[in-house]
Amino acid sequence: MEIVICRTKEEASRKAADMVAALVKKNPKCVLGLATGSTPVLMYSELAKDVKAKKISFKNVRSWNLDEYYGLAPTHDQSYRYFMNANFFDRIDIKKANTHVLNGLAKDWRKECAAYEKAIKAAGGIDLQVLGIGSDGHIAFNEPGSSLASRTRLVSLTPQTIKDNARFFAKASDVPRHALSMGVGTICEAKKVVLLAFGANKADAVKAAVEGGMSQFCTASALQAHNDAWFFCDAAAAAKLKLRKFYAWRSETVLASL
Ligand code: F6R
């Protein structure tokens with residue numbers, strides 16, 4: 001794991017965008033794994049700026065998103081498909097047909113999830129996976145207690161995640177209780193992982209993921225066994241890390257050598 005600690009989320013988002021942009025430049029046909037939530041929005045804006053400035057193009061990029069609320073139509077304004085179109089896909093030159101989000105209305109969720117995994121494999125696997133982190137340490141919707149070997153499947157949201165995500169809905173009871181989500185095992189197969197974490201309410205999760213034991217009670221901790229996982233944190237999210245000064249110094253050296 002490399003932990004990049006920045007003063008602000010703006011700085012961290014730009015650095016993470018640089019890592020994604022470098023891959024897209026090097027491999028214009030790369031396969032991206034993408035996340036929703038409030039955390040990656042700034043990074044998506046930075047990448048959209050790069051496209052507008054003609055520094056990069058997503059014309060031949062293919063993408064697979066992490067998750068989707070189960071029961072929400074893609075046209076629902078809180079669905080993750082809607083979010084991705086509004087915050088990223090409609091602002092860059094990617095072909096919509098090359099973007100994939102799990103179908104929250106799939107009648108047979110097993111078939112939907114198996115086909116999703118198969119399609120990722122057929123595309124050659126995910127080259128770079130973008131992640132946020134839940135306040136309970138989840139990645140995608142792999143809540144505490146999810147097997148670290150889990151694959152794409154139907155999952156249940158914890159009361160904590162329902163509470164955290166209620167800010168996007170009119171009321172907490174509107175937040176779906178279930179989702180389709182890539183598994184921890186699926187995510188860890190990505191060749192490179194870029195996780196973003198901002199704000200004091202992520203500090204405990206970041207601490208558990210980076211410096212706690214590897215455990216299904218903090219599914220982001222599975223990334224400790226990944227050999228190319230990057231955490232881009234702002235100062236508040238990194239505040240509880242014991243070795244934060246060391247990580248900051250080390251990542252500067254490593255980033256400069258890329
Ligand atoms: C989103 C996702 C979630 C979020 C996490 C953090 O696709 O899979 O794991 O990354 O819940 O959400 P925010 O960024 O809203 O704090």
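1. A polar contact is a pair of N or O atoms within 3.5 Å; within protein, one atom must be able to donate a hydrogen and the other to accept it, and residues adjacent in sequence count only if both atoms are side-chain atoms. In this predicted model, local features need pLDDT of at least 70 and side-chain atom pairs count only at pLDDT 80 or more, while totals for chains, interfaces and linings use all residues. Residues are numbered from 1 along each chain as its sequence is written, and side-chain values use heavy atoms, with hydrogens and water left out.

2. An oxygen atom of the ligand lies 2.7 Å from a polar backbone atom of Ala140. For Thr39, an N or O atom of the side chain is 2.4 Å from a ligand oxygen; for Arg167, the corresponding value is 3.0 Å. The protein covers 94% of the 410 Å² of accessible area that the ligand has on its own (Shrake-Rupley method, 1.4 Å probe).

3. Around the ligand there are 14 residues, of which Thr39, Asp67, His138, Ala140 and Lys202 come nearest (a residue is near if one of its heavy atoms lies within 4 Å). This shell divides into four nonpolar, seven polar and three charged residues; Asp, Glu, Lys and Arg count as charged, Ala, Val, Leu, Ile, Met, Phe, Trp, Tyr, Cys and Pro as nonpolar, and the others, Gly among them, as polar.

4. Seven strands form an open sheet with parallel pairing, in the order β1-β10-β9-β6-β2-β3-β5. Strands β1 (2-6) and β5 (99-100) are at the edges with a single partner strand each, so one side of each has no neighbour in the sheet. Here strands are DSSP runs (E, at least two residues), numbered from the N terminus, and two strands pair if DSSP finds at least two bridges between them. Strand β3 (residues 62-65) pairs with β5 over two bridges, and Trp64 has His100 as its bridge partner in β5.

5. Antiparallel pairing also occurs. Strand β8 (residues 178-181) is joined to β4 (residues 67-69) by three bridges and to β7 (residues 153-156) by four. In β8, Ala179 is the bridge partner of Tyr69 and also stands opposite Val155.
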